[in-house]
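Biologist: I've got the sequence and the model up on my screen. Can you walk me through it, one question at a time?

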Amino acid sequence: MKGIQSIFVVFALLAFACSLASAFDPSPLQDFCVAINDTKHGVFVNGKFCKDPKFAVANDFFFSGLDKPGNTSNPNGSNVTTVNVDKIPGLNTLGISLVRIDYAPYGGLNPPHTHPRGTEILVVVEGTLYVGFVTSDPDNRLFTKVLYPGDVFVFPIGLIHFQFNIGKTEAVAFAGLSSQNAGVIPIAKTVFGSNPPINPDVLTKAFQLDKKVVTYLQSLFWSD
């Protein structure tokens, strides 16, 4: 009898847990939730405080400037102009953002990086890009493609990816991300340019490099 009662209790708990799970709605339950920095009169939702909807204005959903090229005069020869919730408060809770990427001729590079919170879909507007991503361990498969104007490529969430300008002219691409703030982790800068620095012995062993090479790489000024 006790065994039957125990089974009944387990099923009851499972049913209760399922009811809670089915009651959860991951989508916003309002039209929008414009982000504000006013903690006194705001409601905290998904990383940002929200203003009262009746005080929302058109500019909360507006950004101007993606027609302007970014400055690619840096070691990587690229520039990313991000339009996320910090630029358009109305993006808060909507799970989407946008970037413009400019690449210098002859090797402008958006270096290997990941977006921990978003998948990226990229469309080339000008130039020719060699792009790719690498799958997770243990396969570590590399998927690459040469893209021309009008071509589209997807970088799955969390995977290391890159874009490299193999053309003789400037290149421009736009990308949408499935997060209001997808985040970015540039691999080289994160590993060799952390603050404070990672113990060189760790990197020496991890990358099977001479320690002098590691300390040299850590001494460089790392650009995104």
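Biologist: Is Q218 buried or exposed?

Modeller: Keep in mind that this is a predicted model, where local features need pLDDT of at least 70, side-chain atom pairs count only at pLDDT 80 or more, and totals for chains, interfaces and linings use all residues. Residues are numbered from 1 along each chain as its sequence is written, and side-chain values use heavy atoms, with hydrogens and water left out. Buried means under 20% relative accessible area, exposed over 50%, and partly exposed in between (1.4 Å probe, protein chains only). Q218 has a relative accessible area of 18%, so it counts as buried.

Biologist: Which backbone oxygen does the Q218 side chain reach?

Modeller: Take a polar contact as a pair of N or O atoms within 3.5 Å; within protein, one must be able to donate a hydrogen and the other to accept it, and residues adjacent in sequence count only if both atoms are side-chain atoms. Contact in general means heavy atoms within 4.5 Å, and beyond its neighbours within four places in sequence, Q218 is in contact with F192, P197, I198, P200 and L203. At 2.8 Å, the side chain of Q218 reaches the backbone oxygen of I198.

Biologist: Why do the buried residues of α4 line one face of the helix?

Modeller: Helices (H or I, at least four residues) and strands (E, at least two) are DSSP runs, numbered from the N terminus. In α4, residues 211–219, the buried ones are V214, L217 and Q218. They line one face because, seen down the axis (going by directions from the helix axis to the C-beta atoms), they fall within an arc of 100°.

Biologist: Which helices do those buried residues of α4 pack against?

Modeller: The other side of α4 has K212, Y216 and S219 exposed. The buried residues pack against α2 (187–192) and α3 (200–207).

Biologist: Which residue caps the N-terminal end of α4?

Modeller: Look at the backbone nitrogen of K212. A side-chain oxygen lies 2.8 Å from that nitrogen, and the residue supplying the oxygen is D210.

Biologist: Where is Y148 found, and how exposed is it?

Modeller: Y148 sits in the loop between β9 (142–147) and β10 (152–155). Y148 is partly exposed, with a relative accessible area of 45%.

Biologist: What share of the residues in the protein chain is buried?

Modeller: The chain's secondary structure comes to four helices and 13 strands. Of its 224 residues, the buried share is 33%.
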